[in-house]
Amino acid sequence: MAAPRPWANLHADMLREIFLRVPCAIDRVHMAAACNSWLAVLAAEAMEAPPRIPSLFLPPADVTGVYCYLSGCRDHRKFPGPRHFGSYDGAWFFLAYGQTRGHRLLNIRTGESHAVPNVLGDGFADQFHNMVILAATLSLPPDDLECVAAGIVAYQPNTDALRRRHFAFWQLGNEAALCYVEPHPNAPIGPGLEPEDVVYHRGSFHFLTQGEHILECAPVLDDDGTILEVVVEAIRFQNGGRCYAEFVRARYLVASREELLMVVRFAPNPHAPTSSFKVFRMLQQPMPDHGMEEADGHHWYWSELDTLGGRMLFVGRGCSRSYEVGQYLGFKDGVYFLDDGCFYDDEMMFRGVNERRYPCSDIGKWSEGPPPHVDRFFPEQGPSCNTPPAWLLP
């Protein structure tokens, strides 16, 4: 007869205290499997647990590991590595199985998948171009009939032209992504309006531009849930396109506490790792009472935050998320970031497997201090021939 296990009879309150100190969902599953009495208590406690934070998909040369911040960056599983270009809540990944083609939306938890277009049309003329999707997100979960996808794409108008970047929209099952707005794909986007990130917020897709302006794009659907048009408003900021003392490595949009934040990532120079961040709120400029709006339409401005105010920000193009520190025992304010510098390299995915080098070492957390500092998690990680790192959104 097996010896009694005294830990199987721990009081429920003590188990809950242990549960709070094991924040990783995978570790909690292992904990609940210890015995039936633990399973009963922890199943009830899990119903009240805070939202799970993202895990890190980190690709070595030919496979991808899942590293969980909540369990000390331990590697839980490994996957073969297509190119990742976005993620969505519920373990959905946007993937390109052929680097520049074979776009799909895959749920790595259930195996469900959907085809994603490989071509771009302008929505006005019968012209289509092969495209590569660089970043993407969804308006709603994929099983919702009104789900719309939006992305930042690269394409080549003709064989003699340079590749251009544009924004595009599609629905699951579409054979082509379309741009329903001016400028259409055959017209270059104006200076400062090149898309750099996209987030879905309050019924619209918001594209952050390199000039720190926003293109707000609201899809209009018919009764069957099919896109009829996309209504676009260019929101120009009075202090957009500002000059910074350091090199700007990236800009991100994050929806947090019912507002939009712009997160700017810095490095001493283009070849140096991340050194710091600045976070700004999107605010409306009080208008003078002249009975009309300003002629140039600059009614918005970016206001720098003095502190993160109890936020944990996970930044990545199309998949940034904000979490409340108070819900996660032992965590502090900060910005968690990936190595996504290859976003600006239009040639990377077109190279041969032996020439592709997606950098994977500039990964970590920036803390506001005092003093502000960066903790690097995988500084010795070598490049991948398949994909940059990605967030796995639970």
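Analyst: Let's start with the side chains of Arg 321 and Asp 89, which are joined by a polar contact of 3.0 Å. Keep in mind that this is a predicted model. Arg 321 sits in strand β22, which covers residues 321–324. Its relative accessibility is 17%, and because the cut-off for buried is under 20%, Arg 321 counts as buried. Leaving out residues up to four places away in sequence, Arg 321 touches Tyr 88, Asp 89, Val 254, Met 312, Leu 313, Phe 314 and Leu 393.

One of those neighbours, Phe 314, leads us to the rings. Phe 314 belongs to an aromatic cluster together with Tyr 323, Tyr 328, Phe 331, Tyr 336, Phe 377 and Trp 391.

As for ring pairs, the count comes to 18. Take Phe 57 and Phe 93: they form a tilted pair, 4.6 Å centre to centre with 55° between the planes. This pair links distant parts of the chain, with Phe 57 in strand β1 (residues 55–58) and Phe 93 in strand β5 (residues 92–96), 36 residues apart. Both Phe 57 and Phe 93 are buried.

Tyr 328 and Phe 331 make an edge-to-face pair, at 6.5 Å centre to centre and 65° between the planes. Tyr 328 is buried, at 6% relative accessible area, and Phe 331 is buried too, at 18%.

Finally, have a look at Phe 343. Arg 165 lies over the face of that ring, 4.6 Å from the ring centre, and Arg 317 also lies over the face of Phe 343, at 4.0 Å from the centre.

Note on methods:
Residues are numbered from 1 along each chain as its sequence is written. This is a predicted model: local features need pLDDT of at least 70, side-chain atom pairs count only at pLDDT 80 or more; totals for chains, interfaces and linings use all residues. Side-chain values use heavy atoms; hydrogens and water are left out. Helices (H or I, at least four residues) and strands (E, at least two) are DSSP runs, numbered from the N terminus. Buried means under 20% relative accessible area, exposed over 50%, partly exposed in between (1.4 Å probe, protein chains only). A polar contact is a pair of N or O atoms within 3.5 Å; within protein, one must be able to donate a hydrogen and the other to accept it, and residues adjacent in sequence count only if both atoms are side-chain atoms. Contact means heavy atoms within 4.5 Å. Rings of Phe, Tyr and Trp (its six-membered ring) pair if their centres lie within 6.5 Å; planes under 30 degrees apart count as stacked, over 60 as edge-to-face and the rest as tilted. A charge sits over a ring if NZ of Lys or CZ of Arg is within 6 Å of the ring centre and within 35 degrees of the ring normal.
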